[in-house]
Structures are given as structure tokens and as C-alpha cells.
Amino acid sequence: MSFDIMLIVDSIPKMLVGIGLTLHLLLLSTVIGLILAIITLLMRISGRWYLAWPAMTYIYVFRGTPILVQIFIIYYGLPQFDFIRESFAWPVLRAPFGCAVVALSLNAGAYVSEIMRGGVLGVDRGLHEAGKALGLKVHQRFIYITTPIAIRLAIPAYSNDCISMLKATALASTVTLMDMTGVARTIVAQTFAPYEIFIAAAIIYLVLTWVIQRGFGLFERRMSRYVKQ
Amino acid sequence: MDEGGQQPVILLEGVSKFFGDFQALKDIDMAVKRGERIVVCGPSGSGKSTMIRCINRLEEHDKGRILVNGHELTGDVKDIDAVRREVGMVFQSFNLFPHLTVVENLMLAPRLVRKTAKPEAREIAMRYLERVQIPEQADKFPSQLSGGQQQRVAIARALCMNPEIMLFDEPTSALDPEMISEVLDVMVDLARDGMTMICVTHEMGFARKVADLVVFMDQGEIVEQNPPAEFFENPRNERTKLFLSQILTH
């Protein structure tokens, strides 16, 4: 088997056709996932069982099953139900893009809410007491004391999750989407050169990962400027 | 009744507190008049911190009554809020908000709780920073300050809410020895201004200097309480004598 370096170089620009969709999937599911995560976190730490239990069940189900399985269930499984086809969600769920975004967002929501919970639990109890003693109400303590500190504590784990999400977008190619991996698979089918083509794809993923890593590094440094070096 | 001076501003009647099976406070009675300075001492685990933490409801008492400035502490949020507005607290571990600068630490509660406008809150903050003699540190973060400076910021932060009563929970226990006096100086200064204070501390020099009453606690009980001269020269209870001999030998 021959190995063609030029083929790698040539196929990188072709692969970039799919980068838009990859980034689109990543951005949408990260933002929706973040919103879900905040709601789930608040439910989880509300101290009310009828809010906490659904949140914990949601987290358990989506952390406990592979994203690929979730995508398949949403894409192939849900349309079998009439009530889904007649519901307001059908325009989203009938398209593979919508299904991928729903699966990735639900996944991100489950993981990120646990990451945030770690940050919240990491905030020193003494700071809550100081807030209480000063007369701050529960929501004021949460917004002005807990949140900024918890964000800083959660950044490393959260950036890890964003990188995982980038790679998880590749699963969208299994439901016919032409993201970078989808494009790569198509080119492979035409050139019969899986080795070079997938290496080209891997290089682009590495570059994107570097950008995410770097971005979070800068953000972390900014959020940590009050910490003694 | 606030102006009378005779009515106690803090009243504890038969207060008990349990942590599981362990009884941290046993039937505590105490009355503090306006302007009085109380020093609470005793061995660790004797319930001193728990007692003052009950006064601003950082701990809930299980039995008895606590009245602060006429508000009885029950589950009622309104009373708790009212009490916390009138009672300032200083902690052993400072508990400054690490993500806020010194002046922001001081401005937070006046802005959120008292709804003070930003410029005015800053003005109040600077006034109290000057009072604790570190106005030049206003825009630094707490982590850039020494322990003694941090504790002075914490005192100023509590004062910004203009409390009528100040609680100190071992304010110098986490400090290096050379920084203790700068914090005690601020506290002496406050006492001179007539602030009602309850201080849990082992600084007996401070107790002699400013306390109207020294309270000795052991195993969740108030064992003895007397003015400092009497307390130090003529302790009555055996446990008090033992405690004093242990902390005053060196």
C-alpha cells in the first residue's frame, strides 16, 4: 500500500467544505447544552425532590448511554410515533440536522450540569456564611458570590467537555450529514484512500481543538487574575 | 425601647443547640446591653462559636429564645433579615470574596441589601478603609494582602452595613503573631466608640483592656461571667482556674 502525502495536502481544502456544518453543530449544541445545564443544575441543587429527581434522571440517562445510540433513537425511533410527527417538534426532528443538534445538546446539558455542580460545590462555605451575615439573600449570594467563583473552578473541566463535543459532532455523519467526517467518508468512497483522507480530517480536528484549548486558556487566565500566582 | 439603654439588645434565654446527639449549647442565658463589650473564652469545642453564630442565625438553635434588638429569631425570614442587617460578623478565616477587589468587597452588601447607589457605596467603603488604615489597598484583590490587612478589610466590610452589634469569631486566631495587634487595635478603637461587641477570643490582654464582662464557657455551658478584674484575679470555678492557668502560663 502506498502512502501519498500530497493526497493529504490536497484533501484538506475539500474537507473544509464540511467545517461549516461541524462548527454549526458544535456552536448550537454548546449554547443549547449550556442553557439546559443551567436549568438542570438549578433543579438539582434546589433542595426540592420533585425538581431534583427529574434532573438526576435526565443526567443519568444521557450520561449512561452512547451519543451514537441516542442519535439513532432520535433519528430512527421517534418518527414512528404519530404524536411526534404531529407535534410542534416535528420540523426539527424530521431533519437529520435537528436530530443531531437535539442529541448533542441533551448530552452536553447532562455533562455540563455536573461540571457546574462541581464548581458550585467547590465554593468555600465560609463565603456563603459571610454573604448571609451581610444580609444577602439566597439568589444574591448565588449570583454575586457562587457563580463567578464556580465558573473559574469549572473552566478546565468545561473546556474538556467542549473538545469532546467537537469530536462528538463527527457522529452526525452517521445520519447522512455532511460535516467534516461526512465529507471525509464521501471522499474515501471516491478515492479508496482512507488512510490519507482520515489523516487530513484528523489534522483539521487537531487545529480546531487547539483553538478551543487556547481560547479557554485565555478565559481561565482572565477569570483567575485574582488568584495568587 | 432602643434608646433606653436598660433593655438588652441581645437576649438569650435557655438556648440549647444539638448537632445530632451532641449538645453544643446547654441552656444558655445571656443578656447584652447596648454598648456593652463581652469577651467569650473557653477551651475549643466549648460552644463559644456556636453561641455567637446562633445570634445571627448562621446556626439554628433548637430550644429557648433569642431576641436581637427586639426581633425574635424564629424561622421567619423577615426577622432573620432584620437581625442580619443590624448585626455584623467577623470570621476567623476572614471570608473575603476572593474575586472582588477590597473596595468591591465593601460595596457589595450596601449596594445589594441597602440599595445604596454606587458612588455613595464607594464613598462609605473608602471611609471605613481609612478607619482601618488601609485606603491604599482599595483596588487590590484580597489575595494580595497580608492576613492582618485582610482581617481589617473584613471588619470594614461588616462596618459598611452600619451594624449596631458586632460579633467577632476568633478574629486573630488565624493570624501570624506580628499581625495580631493591628487587628486588635481596630477592635479597641471600635469599642471606644461605643459599639456593642461580642468577641470570642483568647486575647486576654484585649479582654482586660476593653471587656465589660468576660464569659467563660466549657462543654456548652456558661461556667462563669464577671468583669475582667474579678474574672482574672479571683476566678471562682475550678474549670475557670484550670483554663486561666493553661493560657496565662506562657
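Glu164(B) is partly exposed, at 30% relative accessibility. Here, partly exposed lies between buried (under 20% relative accessible area) and exposed (over 50%), with a 1.4 Å probe and protein chains only. The model is predicted: local features need pLDDT of at least 70, side-chain atom pairs count only at pLDDT 80 or more, and totals for chains, interfaces and linings use all residues. Residues are numbered from 1 along each chain as its sequence is written, chains are lettered from A and ligands numbered from 1 in the order in which they are written, and side-chain values use heavy atoms, with hydrogens and water left out.

Glu164(B) forms a salt bridge with Arg34(B), and the closest N and O atoms are 2.9 Å apart. A salt bridge is a side-chain nitrogen of Lys or Arg within 4 Å of a carboxyl oxygen of Asp or Glu. This pair links distant parts of the chain, 130 residues apart. Glu164(B) sits in the loop between α5 and β7 (165-169) of chain B. Arg34(B) sits in the loop between β2 (22-33) and β3 (37-41) of chain B. Helices (H or I, at least four residues) and strands (E, at least two) are DSSP runs, numbered from the N terminus. Arg34(B) is also partly exposed, at 31% relative accessibility.

Side chains of opposite charge can pair when their charged atoms come close. Over all chains, the count comes to 22 salt bridges. One of them joins Glu60(B) and Arg57(B), at 3.8 Å from N to O. Glu60(B) is partly exposed, with a relative accessible area of 49%. Arg57(B), by contrast, is buried, with a relative accessible area of 11%.

In chain A, the side chains of Asp82(A) and Arg85(A) meet in a salt bridge of 2.5 Å, N to O. Both residues lie in helix α5 (residues 82-85) of chain A. They are three residues apart, about one turn of the helix. Asp82(A) is partly exposed, at a relative accessible area of 44%. Arg85(A) is partly exposed too, at 39%. Elsewhere in chain A, a network of salt bridges links Arg44(A), Arg63(A), Glu114(A) and Arg117(A).

The two chains also meet. Contact means heavy atoms within 4.5 Å. The contact takes 23 residues from chain B and 22 residues from chain A. The area buried between the chains is about 2,000 Å². Buried area is the accessible area (1.4 Å probe) that two parts lose on being put together, summed over both. Carbon and sulfur atoms give 66% of the area between chain B and chain A. Arg84(B), His99(B) and Leu112(B) supply 27% of the area that chain B buries against chain A, more than any other three residues.

Two salt bridges are counted between chain B and chain A. Lys137(A) forms a salt bridge with Asp81(B), the closest N and O atoms being 3.1 Å apart. On the side of chain B that touches chain A, α2 (77-86), β6 (87-90), α3 (102-113) and α5 (147-159) of chain B each give two or more residues. The most comes from α3(B), with four residues.

Ser173(A) is found in the loop between α9 (138-168) and α10 (180-191) of chain A. Ser173(A) is buried, with a relative accessible area of 9%. A polar atom of its side chain lies 2.8 Å from the backbone oxygen of Ala170(A). Leaving aside neighbours within four places in sequence, Ser173(A) is in contact with Asp179(A), Thr181(A), Gly182(A) and Arg185(A).

The largest nonpolar core has 98 residues. A nonpolar core is a set of buried Ala, Val, Leu, Ile, Met, Phe, Trp, Tyr and Cys residues joined through side-chain atoms within 4.5 Å. Leu12(B), Met51(B) and Ile198(B) have the most contacts inside the largest core. The largest share of this core, 11 residues, comes from α9(A). Apart from this core lies another, of 52 residues, with Phe94(B), Leu106(B), Val223(B) and Leu244(B) among them.

How values were computed: Polar contact = N/O pair within 3.5 Å; in protein donor to acceptor, adjacent residues only side chain to side chain.
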